[in-house]
Amino acid sequence: MTWKKDRRDVVKLLLAGGLSLYIPACQSSNRKKEAEGKAPRKKDSGSEIEEALHSNNVTFLQKADEQFNELNQGFNLAVGKIPALIALCANTEGVAEAIGFARKQGLKVAVKSGGHSFENFSSINDGMQINLSLMNEVRWIDEKTVKIQPSCTLREMYDAILPKGRMIPAGSCGGVGVGGITLGGGYGFFARKFGLTCDLVSEATFVDGNGKTHHVKKGDDLMWALKGGGNGNFGVVTDFTFKTFPAPDSFTRHRFKAYKLDKIRTKELLQTYFKYSKNLPESCFAAFVLNYKTLVLLITNYGPRNEALDDMIDTFSALCDDASIGEPKNLAVSLKNYYGIEYPIYFKNASAGYYENYETIASSIDQVLDIVFRKRGLIYQINTLGGNINNPEFEKESCYPHRSSPYLSELQYYWDEKKDPTALLKSFDEIQNILYENGIRKQYRNYPSLGFKDWEKAYFGDGNERLQQIKRKYDPENIFEHEQSVRLG
Ligand SMILES: Cc1cc2nc3c(=O)[nH]c(=O)nc-3n(C[C@H](O)[C@H](O)[C@H](O)COP(=O)(O)OP(=O)(O)OC[C@H]3O[C@@H](n4cnc5c(N)ncnc54)[C@H](O)[C@@H]3O)c2cc1C
């Protein structure tokens, strides 16, 4: 596969604020077709792989094989890893066979669905990548329940369920895999009303580190673990059963911009953002995106307008240099605007903490802004959470730990291959340290960074110990391992 790169797209992304939520860059959803073009490989006689396995369920690829690089390539060009073997699995049986073969060969295993892991945890140097590209089917169980395979992208998922008038709350980038986003939580425009993506999962099929297949249901310890702590930690989910809800009819976007900001004005805008966004109805989502000295403030809505929303719109219309007040548009058409571009890029993104309100960052914001204003490139973003994400029932059933925090922040930096990212990456680290030193230590599992100290606590809070017990039960030999996978303890 060749990804058509256009430098203008990256520049557009930067100018627009580089939002992972609303102007994301996404990987092509043509992976299945490309992978399907490849017939099971006939190796030369004497091949160890050929001798070890004759199966229609999985095809093994080595470095010299055509498509090895394409299948291995993740969305982040900045983090490259080269596995010894890719196991291209066609079904659950293939995954079990691949795990059996990895165990026999003493290979560690990484799992790849949509390939959008910020730190490329879906590949592994010298180990086996279980590649699920072929497993992207969407199958209806009844008119409200749908079974989805993990490498189905969000674009494919929305394309399949919106025409039936149904919806699953998830992110907006079309190339993100259902597998990764669900197993780490999953939030976006719809989460404040309907919960995280993982909250809608009612059943799953899971192959553990021993190669054993489990049908996972509500109440199982595994189900708890897979809702927020399932990314490449102790096995492979081969399908999820989701409850769906009626899709809203329309979607409205309001956007405000403020230019040439200084610290004083930025802090005023930020305080105002916290003050007004906390009252927004659950049908709204908001993001405060500071890209160097430009603010882009986004508010989306799929419910009726109410007083709190009107107040926020009026306030930011007055405070900002530019306001674009939207009208309700067709939901499916609107979502496509956020699917993003189609090829891997160089970037560093990471969670920058969960916040309660402005007070959470009051002691660090001056230092953070000094760095963001130093040089073009860093994007500091604060998104709304809250609402039904904080549902006690969801909390009980999942290991996603940070439900009570109504805001999630993230840092982003995009560059093209001609640029040396060293200085900006250093600034990125500086901000992470400032936040940590100021007590901002809760982080989103799906926005990982190797730079996080105490990452287990940061991602899983008090749930880490229970996750370790589950790890010991389902992957006692630690077959599934990446830099931040759950440890055996
Ligand atoms: C451009 C962009 C936009 C994004 N927007 C959002 C957003 O709006 N909301 C949000 O919540 N997140 C968002 N994310 C973060 C996203 O949720 C995570 O990167 C997610 O983990 C990606 O899933 P994936 O399947 O594409 O990636 P992969 O790289 O394939 O997988 C990510 C992790 O999950 C593991 N994994 C994947 N599939 C399985 C499986 N079947 N069984 C076990 N482990 C598995 C992998 O091993 C890896 O550790 C965004 C990311 C990007 C790059």
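Trainee: How many aromatic pairs does the count come to?
Mentor: The count comes to 34 aromatic pairs. Bear in mind that this is a predicted model.

Trainee: Why is the pair of Phe 118 and Tyr 447 called stacked?
Mentor: The ring centres of Phe 118 and Tyr 447 are 5.2 Å apart, and the planes stand at 20 degrees. Centres within 6.5 Å make a pair, and planes under 30 degrees apart count as stacked. So this pair is stacked.

Trainee: What makes this pair a tie between parts apart in sequence?
Mentor: Phe 118 is in the loop between strand 3 (109-112) and strand 4 (128-131). Tyr 447 is in the loop between helix 16 (422-437) and helix 17 (455-460). The pair therefore ties together parts 329 residues apart in sequence. Both residues also belong to a cluster linked by ring pairs, with Phe 75, Tyr 187, Phe 347, Tyr 354, Tyr 400, Tyr 414 and Tyr 444.

Trainee: How do you know whether Phe 118 is buried or exposed?
Mentor: Buried means under 20% relative accessible area. Phe 118 has 10%, so it counts as buried. Tyr 447 has 8%, so it is buried too.

Trainee: Why is the pair of Phe 240 and Phe 242 called tilted?
Mentor: Their planes are at 35 degrees, with the centres 5.7 Å apart. Stacked needs under 30 degrees and edge-to-face needs over 60, so the rest are tilted. Phe 240 is buried at 2% relative accessibility, and Phe 242 is buried at 0%.

Trainee: What makes Arg 466 a charge over the ring of Trp 224?
Mentor: The charged end of Arg 466 is 3.9 Å from the ring centre. The distance cut-off is 6 Å, and the charge must also be within 35 degrees of the ring normal. Arg 445 likewise lies over the face of Tyr 459, at 4.8 Å from the ring centre.

Trainee: Why is strand 14 called largely enclosed?
Mentor: In strand 14 (residues 294-301), 7 of the 8 residues are buried, so the rest of the structure largely encloses it. Strand 12 (residues 250-258) pairs with strand 14 over 7 antiparallel bridges. Strands 13 and 14 form a hairpin with 2 residues between them, and Tyr 292 in the turn has a positive phi of about 60 degrees.

Trainee: What makes helix 14 and helix 16 roughly antiparallel?
Mentor: The axes of helix 14 (residues 365-372) and helix 16 cross at roughly 175 degrees and come within 10 Å. Angles over 145 degrees count as roughly antiparallel. The two helices are therefore roughly antiparallel. Residues of helix 14 that meet helix 16 include Val 368 and Ile 371, and those on the helix 16 side include Ile 431 and Ile 434.

Conventions:
Residues are numbered from 1 along each chain as its sequence is written. This is a predicted model: local features need pLDDT of at least 70, side-chain atom pairs count only at pLDDT 80 or more; totals for chains, interfaces and linings use all residues. Side-chain values use heavy atoms; hydrogens and water are left out. Rings of Phe, Tyr and Trp (its six-membered ring) pair if their centres lie within 6.5 Å; planes under 30 degrees apart count as stacked, over 60 as edge-to-face and the rest as tilted. Helices (H or I, at least four residues) and strands (E, at least two) are DSSP runs, numbered from the N terminus. Buried means under 20% relative accessible area, exposed over 50%, partly exposed in between (1.4 Å probe, protein chains only). Axes are lines fitted to C-alpha atoms, for helices over the stretch in contact, and angles run from 0 to 180 degrees between N-to-C directions. Angles under 35 degrees count as roughly parallel, over 145 as roughly antiparallel, 65 to 115 as roughly perpendicular and the rest as oblique. Contact means heavy atoms within 4.5 Å. Two strands pair if DSSP finds at least two bridges between them.
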